[in-house]
Amino acid sequence: MGLKMQANGHGHHHLVAVSLNEQQLGTKRKYRTYFPRTNQGKYLALWIIAFGFAAVYVYRCIDEGHQERIEEGLVSMCDQRARMLQDQFSVSVNHVHALAVLVSTFHYYKNPSVIDQETFAEYTARTAFERPLLSGVAYAQRVMNSEREEFESQHGGTIRTMANKEPSPHRDEYAPVIFAQETVSYLNLLDMMSGEEDRENILRARSTGKAVLTSPFKLLGSHHLGVVLTIPVYKSKLPPNASVRDRIEATAGYLGGAFDVESLVENLLGQLAGNQEIVVKVYDVTNTSDPLIMYGRQTEEGDQSRTRVSKLDFGDPFRKHQMTCRYLHKAPISWAATTTAALGYVIVLLVGYMFYTGAIHIVQVEDDFDTMQQLKVRAEAADVAKSQFLATVSHEIRTPMNGILGMLALLLDTDLSSTQRDYAQTAQACGRALITLINEVLDRAKIEAGKLELEAVPFDLRSILDDVLSLFSEKSRHKGIELAVLVSDKVPQIVMGDPGRFRQVITNLVGNSVKFTEQGHIFVQVHLAEHSKAVHESKSDTCMNGRSDGQFKTLSGREAADDRNTWDKFKHLMSDQEFPFPTSQNVTLMVSVEDTGIGIPLHAQDLVFMPFMQADSSTSRHYGGTGIGLSISKCLVELMGGQINFISRPQIGSTFSFTCVFKRCEKNTITDPKRPNYDDLPTSFKGLKATIVDNKPVRAAVTRYHLKRLGVLVDVVTGIGIAVSDSDMILVEKDVWLSNGNLINVTKSGKMILLATNITGTEFDKAKSAGFSDTLIMKPLRASMVGACLQQVLGMGKKAEQGKVMANGSVYLRGLLCGKKILVVDDNRVNRRVAAGALKKFGADVECADSGKSALDLLKLPHAFDACFMDIQMPEMDGFEATRRIRLMESEANDGSKSEWHLPILAMTADVIHATFEECQKSGMDGYVSKPFQEENLYQAVAKFFESKPTTDS
Amino acid sequence: MAAVVQLQRQFIEYTTSLYNEGYLDDQFTQLQKLQDESNPDFVVEVVSLFFEDSEKLLNNLATALQQKTVDYKQVDSHVHQFKGSSSSIGAQRVTNVCVHFRNFCEEKNLEGCLRCLQQAKHEYILVRNKLEALFRLEQQILQAGGSIPIME
């Protein structure tokens, strides 16, 4: 029942733990995100496209300025050319105008005319530089048909047409050339009005009175395109507002000149820079639908995309001209814009890609982290589950295992053949080993599951160390190993802590050392941690192991792994000088276990504290054991607030040392009556003097330590010759005695005592003959054992002393129970008698009841009982039920009165499972003792509440 | 005097053999410790009680198991008694048999119960003889004027 409940308890606990973990798993970790966690590809594409547009925009912005500059260049060049062309043209026109004025002035206003063909020719030839653009000028006179004959006769020729130079047919009016520059002398007497272009020009000129231009045509005598300029010459001066008729009436003739536009523009362009860059064309656009080209090739050439048109004003309002400019070559691409945009874009692309990969990587890492986190939580949960499983299973295995062992024990009692017996014994040994292992596993699992709690009771650690030593004394003697313990004087006598767990750690360490050491020594030391640290720090320069004369100054003279334990430091630690330790509540102890065993291989040193790890499989084959002990020790030490570590050198030895924190015991508890946990050392040796003869200082210190605890004053000498004779006893080490054994005899004043780790038969005989027969102390030394031996040797009352020792152990219990009236309830006569006997022995006044019912009768209020021990399993009314009824009676009585009835009731039970205790408490019991009665159990149970409630009547 | 020493040695050897062979356990030592001047015959008294009880219980068990319909509950309570008293005096082997006896009771295994009863009887008689021999030896020592050696 108890087991099941516990198992259920475990299961429940386990479920809770797992569900907690699942909750943790469920809440996926939230990250603060500064970037998209999904669809990074899309974001990247978006980024690329957006910045693509941006790059194009930037390119446009930069390129626009560039294009504008190009445009401006074109405009300024074109306008410049048009203006210059216009200027040059108007200069020429002005000059022709001047000629017209010349003709009118000297030909018409003077009578007779002062100009003839010769004069005109010469004048125009000499002023030709003024009109570089005109191939020649000529003057044609207006001749009416009626005047023709007169004119012809006057000039000695006929008027001819321009087309075929034949005599002109009959017309209303003629315009024969009468004066002509030499270059155009072929025009003489040609009728200007016979040419279509010229006629129109003449008509327009005389009606407007201004210089007029023809549309471009191929000039006579050259292949260039040109225009003819015509200016009217009037007979009389006309008013500015003269009508068209007046003008026609007044017309005397016409001065004309042919402009070679092509050469004009060619010359002009030749003078200007940047001529190669642009293509220039000049058009007559009087008829807008059909522009006539005046300069430039008819074909399309140059950069068509950019055109500048500049207006030209050649002074003829009727005719409209314009200049068209184009770049010869396409404007080059703007490199600055292209490279800026492209480079910028590339950078942005790279940045985008960087972010993209970064985001992907971060997401990846975070996901990995999440996964790891989950795995970690799961692993931890599994670890807890493992521990709980181990705890449960181990517990469940123990019960049937006990059955198996019991049956094997029974089997061994039957008649068996020797082989069968051997088999059964082997099985039993294996079973015991298994139980030990299971207990260890259970311990460890308990620790891991955090279920182990430490006690805090006062105890004497010196006596605990002595106990541990006594456990291994047989083995160490057998192996011939020197086993010793030494506790510094500065360590308090009594400390508060968990003696059981402390003992467990020490036992484990010493047990390991014993297991792995074949010769040399095992040395357990306890010092104050502060003190030992201070000494180690102040003395760091001493030589290795204090070696001298081929011997190490260690306990057995063999080298030890930890150099720090040199004799020099040891001396310091043991010296009597006051160490100003802090007077805090806690006392931290430094415990070290030094051995000279096989040591731990270097490769295995990291694994030492891992459960089930031994140096290698051959180790476990050779030495046995599971390797779980050290891991438990580590856990325990950590629970006790300390640390464990070790120094080990293969083939030299290992030194395990750990610290642990205990509470200092208050003054008043130290003076308390003695308890079983305390050492009861005889005090009869106080003031005696002893001399130790030993050449090994450490070993001598150990002997001295034990003697000091007995109150003996100690001198140490290194050789027998030096031994002083005024001491009450002389303790001689076996090896010292053997090395110069024959030299000494038993001195008169003091008893000689031989100390030995092991002794052979012959050595024993020799010792016997030397008078040591009764005075041989076998090591390991323990204060109590040394005391007993001394009593024997010194002839003190052994029997009395022993009785005293016996009594001392129970003094405390006696103090508690003396005079108390106690009821024992048990249906079993024998049990009753034994319980009564045990309690009576400690001075209690015992009464018995054989059933729950009779107990109830006896306990009717008021009664005089101080406590009740109650069997649980009884027929009719079991212990739980009886207790419940007693409690009921008490609470009824307490209701009415001021008095507080509460009888301490302790269960007596054979199976001490934890669950039983819970049941006990549930039914109102105060504690339990295991049956059959054992002094220690009884003490623990009784102490628990008699201590806290000291009764006044005793 | 030599005879006393002889007897004492014999006593020690005998006691040790009883422990070694598993007839007695630590509880018997505890019992011996409880005996002192104020209570000189404590061990003998308790052990006699045990003998009386045991014989009664063994008889009861025998009759209970012979019934047509065996009342296992009752058998179990008898065995429980037997187990309790035997463990109180440290008669280890009897206690062990009782443990198995109770298991068979739980299983209601009549055959097993009968076998255990036989074993229990056997063990009981063995331990009774051994203890009686031990007490006789004690008497002899006391009569010879020696003291009972105290066992560790």
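## Where the two chains meet

Contact here means heavy atoms within 4.5 Å. By that rule, the contact between the chains takes 22 residues from chain A and 30 residues from chain B. Three residues, Arg829(A), Val830(A) and Arg833(A), supply 26% of the area that chain A buries against chain B, more than any other three residues. Buried area is the accessible area (1.4 Å probe) that two parts lose on being put together, summed over both. For chain A and chain B that comes to about 2,400 Å², with 52% of it on carbon and sulfur atoms.

A quick word on the ground rules: this is a predicted model, where local features need pLDDT of at least 70, side-chain atom pairs count only at pLDDT 80 or more, and totals for chains, interfaces and linings use all residues. Residues are numbered from 1 along each chain as its sequence is written, chains are lettered from A and ligands numbered from 1 in the order in which they are written, and side-chain values use heavy atoms, leaving out hydrogens and water.

## What holds hands across the gap

Three salt bridges are counted between chain A and chain B, each being a side-chain nitrogen of Lys or Arg within 4 Å of a carboxyl oxygen of Asp or Glu. In one of them, the side chains of Arg833(A) and Glu45(B) meet at 2.3 Å, N to O. On chain A's side, the elements giving two or more residues are helix H8 (335–413), helix H21 (798–817) and helix H22 (829–841); helices (H or I, at least four residues) and strands (E, at least two) are DSSP runs, numbered from the N terminus. H22(A) gives the largest share, eight residues.

## A strand tucked inside chain A

Now for strand S27 (residues 867–871) of chain A. Five of its five residues are buried, so S27(A) is largely enclosed by the rest of the structure; buried means under 20% relative accessible area, exposed over 50%, partly exposed in between (1.4 Å probe, protein chains only). Ala867(A), Phe869(A) and Asp871(A) cover one side, with Cys868(A) and Met870(A) on the other.

S27(A) has parallel partners. Strands pair if DSSP finds at least two bridges between them. Strand S25 (residues 821–825) pairs with S27(A) over four bridges, and Leu823(A) has Cys868(A) as its bridge partner. Four bridges also join S27(A) to strand S28 (residues 905–909), where Met908(A) is the bridge partner of Asp871(A).
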